[in-house]
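These are my notebook entries on one structure. I wrote down what I looked up, entry by entry.

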Amino acid sequence: MPDIDKKDRPATSVTDQEALDFHATGRPGKLEINPTKPMATQRDLSLAYSPGVAVPVKAIAADPQTAYDYTARGNMVAVISNGTAILGLGNLGALASKPVMEGKAVLFKRFADVDSIDLEIDTENVDEFINCVRFLGPSFGGINLEDIKAPDCFVIESRLRELMDIPVFHDDQHGTAIIAAAGLINALELTGRDLKSTKLVCNGAGAAAIACVELVKAMGFAPDNIILCDTKGVIYQGRTEGMNQWKSAHAAKTDARTLEEAMEGADVVFGLSQKGAFSAEMIRSMADRPIIFAMANPDPEITPEEVARIRDDAIMATGRSDYPNQVNNVLGFPYIFRGALDVRASTINDAMKIAAVRALANLAREDVPDDVVAAYQGNRPRFGSQYIIPVPFDPRLISAIPVAVAEAAIETGVARKVITDMAGYARELSARRDPIASTLASLYERVRRRPKRIVFAEAEEEQVLRAAMSYANQELGTAILLGREDLIRATAERAGIDLNRPGLEIVNARISTRVEAYIDYLYARLQRHGYLHRDAQRLIHNDRNHFAATMVALGDADGMVTGITRNYSTALEDVRRCIDEKPGHRVIGVSLALCRGRTVFVADTAVHDMPTAEQLADIAEEAAGLARRMGYPPRVAMLAYSTFGHPSGERSERVREAVKILDKRRVDFEYDGEMAADVALNRKVMEQYPFCRLSGPANVLVMPAFHSASISTKMLQELGGSTVIGPILVGLDKPVQITSMGAKDSDIVNMAAIAAYGVS
Ligand SMILES: NC(=O)C1=CN([C@@H]2O[C@H](COP(=O)(O)OP(=O)(O)OC[C@H]3O[C@@H](n4cnc5c(N)ncnc54)[C@H](OP(=O)(O)O)[C@@H]3O)[C@@H](O)[C@H]2O)C=CC1
Ligand SMILES: CC(=O)C(=O)O
Ligand SMILES: [Mg+2]
């Protein structure tokens, strides 16, 4: 019997409490709206609002197409539901659908930089629903209908398509059909089947199922080879119970009356129904090398583990992200709308859908380049039964699919804007990738490939326990919980955290068998620095940072994370008593600021108060090294208040000197300075200095002193809306990361993952 290889599965299993906490933490829900123009001064107000706003109003009234130039319409999609078929959970109402709709809106943004808002409409009346949506056209570039039950969804979508001149797309129908079709094309190829003679059973005859069956028939499946089933069994010609015109259109000429009978000898089965709808017997009765897409969410009709226990020749897909082959519409709707919006398409037609199917199917057959491997749990996937479709985090999707969709829109005459430079468009699309998520996702995936033992030095604290659990849950490795076992267990119980799971290990410093070895190690290091043996004993017995750092130094853990109970410099001093600098390196802190599509490394944000020129040069080398290890070719700007000698001053002199030192060291990365921050970051301002040696805006900023580094990163975070990760400690001989005091559990996990990644 084949195993579902655990390594092949991204670890995304979450507890109910984690899911609720995730949604409730901070600002409730998953969305907020941010302005794109300054709104600070009287002049801003005059431009954005009265009187200035009157000008675009008149322009749009004169030429409606200019709404795409002067408003957010062209990048704005409404995700609209009435909650009558929320995933596979059924009709739970408009309000209950909101988390899913907010989620879809977030996926639009995350994967394709499409702005989106969720609208939940509290009616099950089809006409009311249509009337509510039909007048919203001026607000949006597209309408994404979601989780509306069949057959209402068919009427709603087709009427709205007639009434509106923007794309109206029912994701559960067409999104699902596109992804399922792409996966099916590849699965047929892998099993050597000809679609004209392949027998398919589709369980479910609702929104997703009808659309899937229509699309596969359009692809060339013989109608006689397809059987559709619903809660009443096979939809056969002549059946009257529980029918509607959409089911009738696909009623089969067959003697089979039950799903069991229909599945006997079937080549392919689609599950678009409900959890657990497929039995072991049904799977056993299918043809050789069956293709099983159990797509119900959140739980499939049958799990890959169950199938693996029954037979070893199946190609298996589900709608979930924690198994290989995720056939889920998330692979489609963000990119399909991206392409449609970019050419201002009036509709999403069949040609555009088929273009998306082909692009998706082809992408899975291509070799996965190095920079994409991290999106695949560290394995380089090869087209095959465990990889018939790209994963949602595949960064190639953003350029491959919209280009195909936009081209098809242009060819079929529904584009209101023509893109002539498709290669340039593909480059623009790639630049829309969210670097925050990509940077972290790639780092996490690399750690998953080589899980590490990380000691959480302050495990008696609740947020540390949460972080440790999340570390283990995400299969990043083993989280070693350092502290008194009774206190750790009491904190866990109070917080409702279950410690009885693999990947968590409690180490109690007081009763550890390694204590003597740690004391000997520390005493050997400190005896010539004024420490007595009993001082080393006290530090190991009583101080978690010394114990944890010594564990790492002696190889009992791969890395450590600390910092929430003690200030940064104290924690760093503790660690440095146990671990040296890496030979030839300098210990510094680098903060990673992620803001509006850009990632910059800022250094030194932790260690050197007023660095000398020599130290600034070292900082530049360390920070450039980190940037490179994280996949960014470094362009280092040595920052000052002045630019290339103006205005002159003693403090800038130090920075100029550092540049000369780097010249002498013949370092192998781009650097220049001294320069002000706007010169470093703004291409246009930099162009005023044509001799500047940077080939583009800097991504590594070496600050002239600790105070400017600390102040500017904190300002970026508080005022600029940046996500700041770090300071990340580099230059130590072993991976240790120190969080800020009071850090949230998610920050602690990030730092633990960075330690596990081996940043030191
Ligand atoms: N992976 C993906 O990307 C997607 C997955 N889905 C999943 O597909 C399923 C259906 O969604 P959707 O089409 O939007 O919902 P609909 O409400 O439109 O349709 C549900 C259909 O499933 C049928 N059904 C329900 N339970 C069973 C059962 N036990 N056996 C046979 N048929 C059953 C219903 O039968 P009847 O007509 O008799 O009531 C109905 O035809 C959900 O689980 C959803 O999560 C949907 C969209 C995307
Ligand atoms: C994925 C999705 O849209 C659904 O299950 O309804
Ligand atoms: Mg849905």
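How many residues of domain 2 are in contact with residues of domain 3? I found 20 residues of domain 2 in contact with 16 residues of domain 3; contact requires C-beta atoms, placed from the backbone, within 7 Å of each other. On the domain 2 side, helix 8 and strand 10 (315–318) are the elements that give two or more residues.

Notes on the source. This is a predicted model, in which local features need pLDDT of at least 70 and side-chain atom pairs count only at pLDDT 80 or more, while totals for chains, interfaces and linings use all residues. Residues are numbered from 1 along each chain as its sequence is written, and chains are lettered from A and ligands numbered from 1 in the order in which they are written.

Next I looked up ligand 1. I found 30 residues around ligand 1, and the closest are Gly88, Gly206, Asp230, Ala296 and Gly319; to be listed, a residue needs its C-beta atom, placed from the backbone, within 6 Å. Helix 8 (171–190), helix 9 (207–219) and strand 6 (226–230) each give two or more residues to this shell, and helix 9 gives the largest share, three residues. Helices (H or I, at least four residues) and strands (E, at least two) are DSSP runs, numbered from the N terminus. Domain 1 (31–35 + 53–166) and domain 2 (174–330) each supply at least three residues of the shell; the bounds come from an automatic or database domain assignment.

Then I turned to ligand 2. Its shell holds Leu87, Asp147, Asp171, Asp172, Asn297, Gly319, Asn328 and Asn329. By class I noted one nonpolar, four polar and three charged.

Last, I checked Lys104. An unreviewed UniProt entry places the feature "active site" at Lys104; such annotations may be inferred rather than shown by experiment. I located Lys104 in helix 5 (residues 98–112). Is Lys104 buried or exposed? Lys104 counts as buried because it has 26 C-beta neighbours inside 10 Å; 20 or more means buried, 12 or fewer exposed, and in between partly exposed, with C-beta atoms placed from the backbone. Leaving out residues up to four places away in sequence, Lys104 touches Val79, Asn144 and Glu146.

Technical notes
Nonpolar A, V, L, I, M, F, W, Y, C, P; charged D, E, K, R; others polar. Contact = placed C-beta atoms within 7 Å.
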